[in-house]
Amino acid sequence: MSWRDFWNGEHAIYVSPRHKALHYRQIATDLIGHIPAPDAVVLDHGCGEALDAGRVAGHCAKLFLCEAAPSVRDKLRAMLGGKANVAVVSPEEVEALPDQTLDLVVANSLIQYLSRDELVALLATWRGKLKPGGKLVVADIIPPDVSPLTDASQLLAFAWRGGFLTAALAGLVRTAFSDYRKLRAQYGLSTYRIDDITGLIAAAGFAEVSPAKNFGHNPHRLTLVGRKAG
């Protein structure tokens, strides 16, 4: 099983429907905060189920939702079929977009599932699709010193605030025996020191690369923002 296979199938990464809804609501709020203008063309690359994408679409002229898992794309199209300014696309369809199409690219909780070479290639793709001065936001980057125990404690804190603590405790037990845990043990997750990932993004042709508030509930992970260099 690959990571794409995992996300394409049934999984219990969210401990309850409330967890999933609150997670995607927060991600949508964080993403909206980076949309530069109401006429912006936005790509959310690795969007997952994007339950609150309709709200994001209300803040921009065009929203591309890119997801590698075919089953997730089907769910997105069923959910958002009535939104004229939303397009659900595969990674291959992103590569086929005309150059200088996008004002904003957001990749949240994505690069930990990519190899370094895959990330370098994707950075080049994003740079080509962005307009001059367009913005790239890479969010939820895992530093090497952030452990699974830290992630678990942040989930429990989020669950306490969100009213799903009992489900979160049960979910952590399930995760210990899940395919996610097995895949993480087999493939690992890509982690980056802030200077390392900043250098990679800058070397791909992005300027003014700097930290920003992380997306989601875990402040121990990183978000970096850069602009397409001229």
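Leaving aside neighbours within four places in sequence, which residues is Ile201 in contact with? They are Leu123, Leu136, Val138, Phe206, Val209 and Leu224, where contact means heavy atoms within 4.5 Å. This is a predicted model, in which local features need pLDDT of at least 70, side-chain atom pairs count only at pLDDT 80 or more, and totals for chains, interfaces and linings use all residues. Residues are numbered from 1 along each chain as its sequence is written, and side-chain values use heavy atoms, with hydrogens and water left out.

**Overall make-up**

- The protein has 10 helices and seven strands; these are DSSP runs numbered from the N terminus, with helices being H or I of at least four residues and strands E of at least two.
- Of its 230 residues, 50% count as buried (under 20% relative accessible area; exposed is over 50% and partly exposed in between, with a 1.4 Å probe and protein chains only).
- Among contacts in the protein with a separation of 6 or more, 70% come from residues 24 or more positions apart.

**Nonpolar cores**

- The largest nonpolar core has 30 residues, and Trp126, Leu136, Ile197 and Ile201 have the most contacts inside it.
- Such a core is a set of buried Ala, Val, Leu, Ile, Met, Phe, Trp, Tyr and Cys residues joined through side-chain atoms within 4.5 Å.

**Helices H2 and H7**

- Helix H2 (residues 17-32) packs with helix H7 (residues 148-162) at an angle of about 100 degrees, their axes 11 Å apart; axes are lines fitted to C-alpha atoms over the stretch in contact, and angles run from 0 to 180 degrees between N-to-C directions.
- That makes H2 roughly perpendicular to H7 (65 to 115 degrees; under 35 is roughly parallel, over 145 roughly antiparallel and the rest oblique).
- H2 brings Arg18, His19, Leu22 and His23 to this contact, while H7 brings Leu155, Phe158 and Gly162.

**Aromatic pairs**

- The structure holds two aromatic pairs (ring centres of Phe, Tyr and Trp, by its six-membered ring, within 6.5 Å; planes under 30 degrees apart are stacked, over 60 edge-to-face and the rest tilted).
- Tyr14 and Tyr24 form a tilted pair, 5.7 Å centre to centre with 55 degrees between the planes.
- This pair links distant parts of the chain, 10 residues apart: Tyr14 sits in the loop between helix H1 (3-8) and H2, and Tyr24 in helix H2.
- Tyr14 counts as buried at 18% relative accessibility, and Tyr24 is buried at 8%.
- Phe158 and Phe164 form an edge-to-face pair, 5.7 Å centre to centre with 85 degrees between the planes.
- Phe158 counts as buried at 10% relative accessibility, as does Phe164 at 4%.
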